[in-house]
Amino acid sequence: MTLLGRSVAVKVPATSANLGPGFDTLGLALSMYDELTVTAVPGSDVTVDVTGVGEGVVPTDASNLVASSILATFAAVRQPAPGLHIAASNSIPHGRGLGSSGAAVVAGIAAAKGLLQGVADFDADLLLGIATELEGHPDNVAPALFGGLTIAWMTTNGPRHKKLMVHRGVSPLVFIPQSTLSTKVARELQPVNVPHADAVFNVSRSALMIAAMLQSPELLFQATEDKLHQNYRASAMPETAELVALLRANGYPAVVSGAGPSVLVLCDGPGPRLEAAELVSRHATVPWEARMLAVDFKGATVVAIS
Ligand code: HSE
């Protein structure tokens, strides 16, 4: 069956990983999106047009992360890849801890799945397995693929996930700085071993986090405590650490979003969210873009357009 001329439209949400205690495990899909169309064309060339975030910066050939993820997905299901034309319109900021690279990987996988409709079958575990192999850890790609709040874990047979709905009172607020931080640099600051008491601390807060997100948003302040990653990384993002401290000192459940340097506040209603944004506009020492977002419950979508 020829794929030439097939074209798909893909939409992928931003994500925030860790959510405080759930390092490399918890993730939340947010209502900020990268949107793309991908067309199968004759030959083997790959061309990419980017507008919005990344325009003039990201590669526009086969080394582009969306393109390489499409090609990797075709290879994973042993199908020959066509030439590709990708037109991307991006909103997820890069290098800010909002899952932009996970979104690019997931966009590529979703596009390949759409182009291969009727040719290859993909179940959820296969999609997550390909995405985790390309991204390195599953906590951003799971919510980008499936939406909602996700728990992701590794097994000897690959990564697995559970998608959960979120209490309607949970009101995410993201503060995005102008500075960037690479996940690789942030991960290098992590110790190889942690004290047992710190591990127990995070186990308790991660378990509480599920109850807080699903049933009891008033517990989010305690549930977002962490001892496994944020302090170790604070030297690489001092303004982020300062903003998290300011918000928490005023009772708001603030955490570093993913590997930073954005800050996620999981407010327990729209009122506290407005108050938190006002607090930051009055007291912050560097500029922060405040974004009031919803939880995205769909995850990546792909539709055939020809
Ligand atoms: N869990 C990852 C980290 C998310 O914090 O390093 C960033 O991709």
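**Notebook: a loop proline and the ligand shell**

I began with proline 261, which I found in the loop between strand 8 (254-256) and strand 9 (263-267); helices (H or I, at least four residues) and strands (E, at least two) are DSSP runs, numbered from the N terminus. The peptide bond leading from glycine 260 into proline 261 is cis, with omega near 5 degrees.

I noted that this is a predicted model, in which local features need pLDDT of at least 70 and side-chain atom pairs count only at pLDDT 80 or more, while totals for chains, interfaces and linings use all residues. Residues are numbered from 1 along each chain as its sequence is written, and side-chain values use heavy atoms, with hydrogens and water left out.

Next I looked up phi for aspartate 24, which is positive at about 60 degrees although this residue is not a glycine; aspartate 24 sits in the loop between strand 1 (7-17) and strand 2 (26-41). For comparison I wrote down that most residues other than glycine have a negative phi, and most peptide bonds are trans.

I then listed residues around the ligand (a heavy atom within 4 Å of it), among them Asp24, His137, Asp139, Arg187 and Arg233.

Which side chains make polar contacts (pairs of N or O atoms within 3.5 Å) with the ligand? In aspartate 139, a side-chain N or O atom is 2.6 Å from a ligand nitrogen. A polar side-chain atom lies 2.6 Å from a ligand oxygen in arginine 187, and 2.9 Å from a ligand oxygen in arginine 233. Taken alone the ligand exposes 260 Å², of which the protein buries 97%, by the Shrake-Rupley method with a 1.4 Å probe.

Terms used. A polar contact is a pair of N or O atoms within 3.5 Å; within protein, one must be able to donate a hydrogen and the other to accept it, and residues adjacent in sequence count only if both atoms are side-chain atoms.
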